[in-house]
Amino acid sequence: MQRKLSVKHLIGIKGLVPADIELIFETAQTFKEVINRPIKKVPSMRDVTVVNLFFENSTRTRLSFELAEKRLSADVLNFTASSSSVSKGETLIDTVNNILAMKVDMVVMRHPKPGAALFLSQKVNSIIVNAGDGTHEHPTQALLDAFSIREAMGGLKGKKVVIIGDILHSRVALSNIYCLQKMGAEVMVCGPPTLIPKYIDELGVKVETNLFKALSWCDVANVLRIQLERQDIKYFPSLRDYILQYGINAEILNKINKKITIMHPGPINRGVEITSDVADSKQSIILDQVENGVAIRMAVLYLLGGQQNS
Ligand code: CP
């Protein structure tokens with residue numbers, strides 16, 4: 001019997017059980033082998049049509065989903081809000097129902113509002129995959145991050161991962177916390193106190209405001225961008241102050257007596273949260289994360305919408 005996910009949609013990591021995550025990893029491992037072959041396509045989603053609805057900017061997630069769909073032989077529609085009738089006042093539900101009337105089977109959506117993916121899953125008759133909803137969750141990013149740590153470190157159980165930077169505005173941080181904890185890793189967050197949410201204690205993570213102490217504790221450092229576009233007030237005195245206290249550079253890493261794996265979900269602001277010498281170093285797995293993103297998204301799409309073709 002085929003193994004299935006416990007969910008119909010991928011709204012967030014919070015709604016997954018560890019067996020779901022393990023199944024996604026195993027399926028992604030198979031697809032990773034496929035996309036490294038000379039013939040990179042499989043027919044698993046032939047006759048399935050997927051729309052990528054992006055109401056917010058994206059490079060990695062949008063291209064990675066599109067490539068994943070094409071590698072699975074799905075038919076693909078791409079929708080960008082700025083060039084659509086949304087700008088004429090059409091509602092999200094009307095927009096999606098009109099697209100679904102064209103016999104579309106699955107919706108991948110990025111939206112600036114937290115909860116938008118859950119709302120859509122309750123209002124339309126389609127499979128919904130959340131590609132990032134505001135400051136809430138970014139489940140496929142967390143899955144590809146955890147998959148990349150597992151690959152680099154040989155597993156997740158007992159591994160110590162610190163997430164550094166703008167935790168308050170980051171959907172990547174929240175999804176990573178859920179995913180890593182479900183898979184048995186220990187999680188710490190590190191950043192200025194003003195960028196660490198007040199509810200963080202409820203999530204069972206360690207909190208550290210001193211970067212050197214955080215780096216000395218961890219096996220893996222996942223470095224986040226400061227989300228200036230989501231900040232309506234100033235959370236630290238100046239960018240220069242932030243760089244001096246929380247910027248990851250070779251100097252601070254050299255002071256620590258162990259090799260830490262460096263990650264970043266992108267986009268990177270070189271010279272702000274991370275210097276180029278670290279981002280491009282041998283201990284960085286940033287481009288492995290991007291490669292793994294395609295395999296993880298293939299696995300998610302296949303497990304939610306493509307298994308009938310197998
Ligand atoms: N990591 C990530 O979500 O990048 P994009 O915003 O480019 O999709």
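Author: The protein chain is divided into domain 1 (13-137 + 292-309) and domain 2 (139-289), with bounds taken from an automatic or database domain assignment. This is a predicted model, in which local features need pLDDT of at least 70 and side-chain atom pairs count only at pLDDT 80 or more, while totals for chains, interfaces and linings use all residues. Residues are numbered from 1 along each chain as its sequence is written, and side-chain values use heavy atoms, with hydrogens and water left out.

The C-alpha centres of domain 1 and domain 2 are 26 Å apart. Contact, meaning heavy atoms within 4.5 Å, joins 29 residues of domain 1 to 27 residues of domain 2. Because both domain 1 and domain 2 give residues to the shell around the ligand, the ligand lies between them.

That shell consists of Ser58, Thr59, Arg60, Thr61, Arg110, His138, Gln141, Pro265 and Gly266, each with a heavy atom within 4 Å of the ligand. By class, one of these residues is nonpolar, six are polar and two are charged; here Pro is among the nonpolar types, Arg among the charged ones, and Gly counts as polar.

Several polar contacts (pairs of N or O atoms within 3.5 Å) can be described. A polar backbone atom of Thr59 lies 2.8 Å from an oxygen atom of the ligand. Arg110 places a polar side-chain atom 2.9 Å from a ligand oxygen atom, whereas for Gly266 a backbone N or O atom is 3.3 Å from a nitrogen atom of the ligand. Of the 260 Å² of accessible area that the ligand has on its own, the protein covers 91%, as computed by the Shrake-Rupley method with a 1.4 Å probe.

Note on methods: Polar contact = N/O pair within 3.5 Å; in protein donor to acceptor, adjacent residues only side chain to side chain.
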